[in-house]
Amino acid sequence: MGENGAGNNHLHDNQVFGLSIDVLPQGGSKCFDDDGRLKRTGTVWTASAHIITAVIGSGVLSLAWATAQLGWIAGPAVMFLFSFVTYYTSTLLAACYRSGDPANGKRNYTYMDAVRSNLGGVKVKICGWVQYLNLFGVAIGYTIASSISMMAIKRSNCFHASGGKNPCHVNSSPYMIAFGIVEIMFSQIPDFDQLWWLSIVAAVMSFTYSTIGLGLGIAKVAETGKIRGSLTGVSVGTVTQTQKIWRSFQALGDMAFAYSYSLILIEIQDTLKAPPSESKTMKKATLLSVGVTTLFYMLCGCMGYAAFGDLSPGNLLTGFGFYNPFWLLDIANAAIVIHLVGAYQVYCQPLFAFIEKTAAEKFPDSEFITKDIKIPIPGFRPYNLNLFRLVWRTLFVIITTLISMLLPFFNDIVGLLGALGFWPLTVYFPVEMYISQKKIPKWSTRWLCLQILSIACLIITIAAAAGSIAGVMLDLKSYKPFSTDY
């Protein structure tokens, strides 16, 4: 899921949730676009790279588990279905980048702007809340995922040293605190999410660990010489009938989480050059990137399932499906941690910026909020220390870390996040905006088809959320706060 802040290389206010700034059109010249901003240079390839970086994240690691819950028929079928829905609704969303005329209409710079200019009113507020909650949840999910990977490194080395005799139980809390401390430091760097090298590092890291997971799966299948798993997934007997249902629902959430990037689609589209019209370029880029991602997901999910069958671990690289080669697992898990450190900032910085901007508007006279203290750093530009930023961002990281320590259930949290973000942001708003933009009459065939799609996805979302909540409830029965050992 969106690991990459989609090169927001324009004005600072144009954060993922910032308000758009209306610049008078200057009828595109050589150096400027029609909205008076510097010429955009993005192409199909840069947009595809951004999307692939954004989509292939830690969600890929739970796919083998999700495939195992659904089996050889439903698993790949559901994955393909999600990829199609994501592709289709993304093309609808891409058509909403410009309001009015598809070639020269007013541009919307962010997802919120598109909702504001196409739907307006209460829906903008709802959209904002869903987005912020989603980002808050992602911060928690990433803290849990990174601590699990750090513990996996510790455990695999301890396992190797003791020759497999020591069970090597590790407590997750110190690792979450360590991750939190690192994030507090990074979150003080303003505009960290706009550093161009960050998305390149994230892309390299996500391909590293995904490929290692895929390679180990293939090696395991080659070693045992047989493909495990069944047509219907985990058999009733290994789990009870109700567990099977809840787990299948949760698997839907995990798969939805693995595809969600609609939050940043408009930002990516805003980096594209025209002509050809941005929505045409974006449709090509979406097709290319969703195709590549789906192929990759099918391989990772199916190979992991083929290697482990019913016993596929919830997180492929840390669930100790693999013990050797231990150094390769360490590299993969280190790559996950590095990726997540950057991804956390890419997701949280826009939220930070939004809160700081709102606070500055509410209390313009407060020195605590608005005053920057310049701290000279030899060899660099002076650092602007803002007390409000220091306090609020630090508090935010501390709160997310504490919640992570209280609820360290990777799979369930990933499923819940996927479910909550999927319907409103990937399906409902794009469909509604498209209907309003293209003025599709009520009860026409097209309107009905779009509504049926939306309702079907809502049902999937509710089922997936219920499955994940049931999973959390189950975990809570055997759980003591702050003392989770793996």
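This is a predicted model: local features need pLDDT of at least 70, side-chain atom pairs count only at pLDDT 80 or more; totals for chains, interfaces and linings use all residues.

Visitor: Where is Trp 443 found?

Guide: Trp 443 belongs to the loop between helix 13 and helix 14. Its backbone also deserves attention, for Trp 443 has a positive phi of about 65° although it is not a glycine.

Visitor: Which residue other than glycine has a positive phi near 50°?

Guide: That residue is Lys 439, with phi near 50°. Lys 439 lies in the loop between helix 13 (410–437) and helix 14. The side of the cut-off is again clear: Lys 439 counts as exposed because its relative accessibility is 68%.

Visitor: Why does Arg 446 count as partly exposed?

Guide: Its relative accessibility is 42%, and therefore Arg 446 counts as partly exposed. The partly exposed class lies between the buried limit of 20% and the exposed limit of 50%.

Visitor: How many salt bridges does the structure hold, and how should I read them?

Guide: Side chains of opposite charge can pair when their charged atoms come close. The structure holds 12 salt bridges. In one of them, the side chains of Arg 98 and Asp 34 meet at 3.2 Å, N to O. This pair links distant parts of the chain, 64 residues apart: Arg 98 is in strand 1 (residues 98–99), and Asp 34 is in the segment before helix 1 (44–55).

Visitor: Are the two partners, Arg 98 and Asp 34, buried or partly exposed?

Guide: Arg 98 is buried, with a relative accessible area of 3%, whereas Asp 34 is partly exposed at 24%.

Visitor: Which glutamate meets Arg 98 in a salt bridge?

Guide: Glu 278 does, at 3.0 Å, N to O. Because Arg 98 lies in strand 1 and Glu 278 in helix 9, the pair ties together parts that are 180 residues apart in sequence. Glu 278 counts as buried, at 1% relative accessibility. Taken as a whole, a network of salt bridges links Asp 33, Asp 34, Asp 35, Lys 39, Arg 40, Arg 98, Arg 107, Asp 270 and Glu 278.

Visitor: Let us turn to nonpolar packing. How many residues does the largest nonpolar core have?

Guide: A core is read as a set of buried nonpolar residues whose side chains are joined. The largest has 113 residues, and those with the most contacts inside it include Phe 82, Tyr 209, Met 255 and Phe 396. Helix 10 (residues 326–362) supplies the largest share of this core, 15 residues. There is also a second, separate core of six residues, among them Ala 64, Ala 306, Ala 307 and Phe 308.

Visitor: Where does Met 255 lie?

Guide: Met 255 lies in helix 7 (residues 241–259), and this residue is buried, with a relative accessible area of 0%. The C-alpha atoms of Met 255 and Val 78 are separated by 8.0 Å, although the two residues are 177 residues apart along the chain.

Visitor: Why is helix 3 described as largely enclosed by the rest of the structure?

Guide: Six of the eight residues of helix 3 (residues 111–118) are buried, so the helix is largely enclosed. The buried residues are Tyr 111, Met 112, Asp 113, Ala 114, Val 115 and Asn 118. Helix 3 is followed by Gly 120, whose phi is positive, near 65°.

Methods: Residues are numbered from 1 along each chain as its sequence is written. Side-chain values use heavy atoms; hydrogens and water are left out. Buried means under 20% relative accessible area, exposed over 50%, partly exposed in between (1.4 Å probe, protein chains only). Helices (H or I, at least four residues) and strands (E, at least two) are DSSP runs, numbered from the N terminus. A salt bridge is a side-chain nitrogen of Lys or Arg within 4 Å of a carboxyl oxygen of Asp or Glu. A nonpolar core is a set of buried Ala, Val, Leu, Ile, Met, Phe, Trp, Tyr and Cys residues joined through side-chain atoms within 4.5 Å.
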